[in-house]
Amino acid sequence: MSSPITDIPVRGGDILAVNAPAETERKGLTKKEVAADHPTWCPGCGDFSVLALYFKLIEKRKLWHEKITTVAGIGCSSRFPYFVQANGAHYIHGRALAFASGISLSRPDLHLFVFGGDGDAFSIGGNHFNHTARKNIKMTYVVMDNWVYGLTKKQTSPTSPLGFKSKTDTWGAVDYPINPMKQAIAAGASFVARTTATNPNHVLQMMEAAMDHDGFGFVECLSECVEFYDGAFDAANPRKGGVFNEVPKTHDVTDEMAAYKLAGEPFPGNFGIFYKVNKPTKNVKEAEIVKSFQSKVTGQKDWQILQKNFDRMK
């Protein structure tokens with residue numbers, strides 16, 4: 001009996017579907033098998049928590065090396081691909097989502113995770129964030145927001161609060177910070193959630209929910225920079241006298257205006273899923289377009305298709 005046909009194209013010659021390998025029971029990866037280089041973050045950095053939970057997610061959900069792709073841009077948090085023993089790329093500053101979009105559209109069978117920081121995501125990568133969200137390209141995007149540029153040693157970032165003193169604003173930041181949750185909702189992201197690195201169980205829940213969502217899943221994770229913004233998120237940490245307010249159980253995650261209003265509450269705000277709706281992904285739309293055009297050239301060789309196109313240009 002032949003194996004089932006997948007919808008993954010093979011590049012080269014005629015673009016045809018390929019036979020998927022027969023499914024067999026496999027043991028899930030362990031942390032030792034999925035961990036690569038030792039993380040080089042500063043001791044106490046919140047990013048350690050997110051990485052550990054990513055390993056736990058991979059182990060818990062039995063994701064195998066050939067089914068995981070880890071992509072990141074530039075910044076402290078964007079070192080993620082170095083520390084994960086799986087396919088992935090450490091891409092250029094702010095362009096991780098553009099690179100990841102190509103992976104998602106060409107390999108929809110992969111579990112695609114993108115990691116970044118507030119500078120990489122909302123400054124140089126701001127437009128990519130907006131357009132990836134509105135196109136609803138299937139992937140999970142986790143942004144570790146620490147309210148400061150850490151890798152380049154304390155400059156004001158797009159999320160730094162008013163009055164924050166840094167090397168670029170020694171007098172205190174005067175530019176209004178962006179609200180990542182509001183931006184994601186307004187841009188059209190179909191899944192928007194918020195968590196904090198100091199609550200590991202919650203981080204894992206949000207990452208799993210985002211991964212299971214069929215569309216663009218965005219998770220803002222507060223991740224303290226102990227070197228350049230120590231104590232930034234104490235107000236959200238019960239162990240330091242703060243409060244961890246979960247999204248009210250009465251909140252309707254399909255109500256965009258309610259989600260937007262929730263995102264506007266003063267810090268520390270709420271944590272959980274703010275917005276979640278099901279709508280067609282770009283992956284599905286692109287597949288339909290490709291299928292439509294392929295049906296018009298059924299049985300023809302690549303060179304014949306090219307020849308017809310050249311003939312039309314005469």
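Strands β7 (residues 191–196) and β8 (residues 216–222) run parallel to each other and are joined by 6 bridges. Both belong to an open sheet of 8 strands with mixed pairing. The structure is a predicted model, with a mean pLDDT of 91 over the chain.

**The sheet**
- The strand order is β4-β3-β5-β6-β8-β7-β10-β9.
- The edges are formed by β4 (87–90) and β9 (245–246); each has a single partner strand, so one side of each has no neighbour in the sheet.
- Strands in a sheet are paired through backbone hydrogen bonds, in either a parallel or an antiparallel sense.

**A helix across the sheet**
- Helix α6 (residues 126–135) lies across two strands, β6 (139–145) and β8.
- The angle between α6 and β8 is about 135°.

**Ile-74**
- Ile-74 is located in the loop that runs between β3 (68–72) and α3 (80–83).
- Ile-74 counts as partly exposed because its relative accessibility is 31%, which falls between the 20% and 50% cut-offs.
- Leaving aside residues up to four places away in sequence, Ile-74 touches His-90, Tyr-91, Ile-92, His-93, Asp-120 and Leu-151.
- Arg-194 is 120 residues from Ile-74 in sequence, and their C-alpha atoms are 22 Å apart.

**Confidence**
- A pLDDT of 70 or more is reached by 92% of the residues in the chain.
- Residues 1–20 have pLDDT below 50, and in the model this stretch makes 29 contacts beyond near neighbours in sequence.

How values were computed. Residues are numbered from 1 along each chain as its sequence is written. This is a predicted model: local features need pLDDT of at least 70, side-chain atom pairs count only at pLDDT 80 or more; totals for chains, interfaces and linings use all residues. Side-chain values use heavy atoms; hydrogens and water are left out. Two strands pair if DSSP finds at least two bridges between them. Helices (H or I, at least four residues) and strands (E, at least two) are DSSP runs, numbered from the N terminus. Contact means heavy atoms within 4.5 Å. Axes are lines fitted to C-alpha atoms, for helices over the stretch in contact, and angles run from 0 to 180 degrees between N-to-C directions. Buried means under 20% relative accessible area, exposed over 50%, partly exposed in between (1.4 Å probe, protein chains only). pLDDT is the predictor's confidence in each residue, from 0 to 100.
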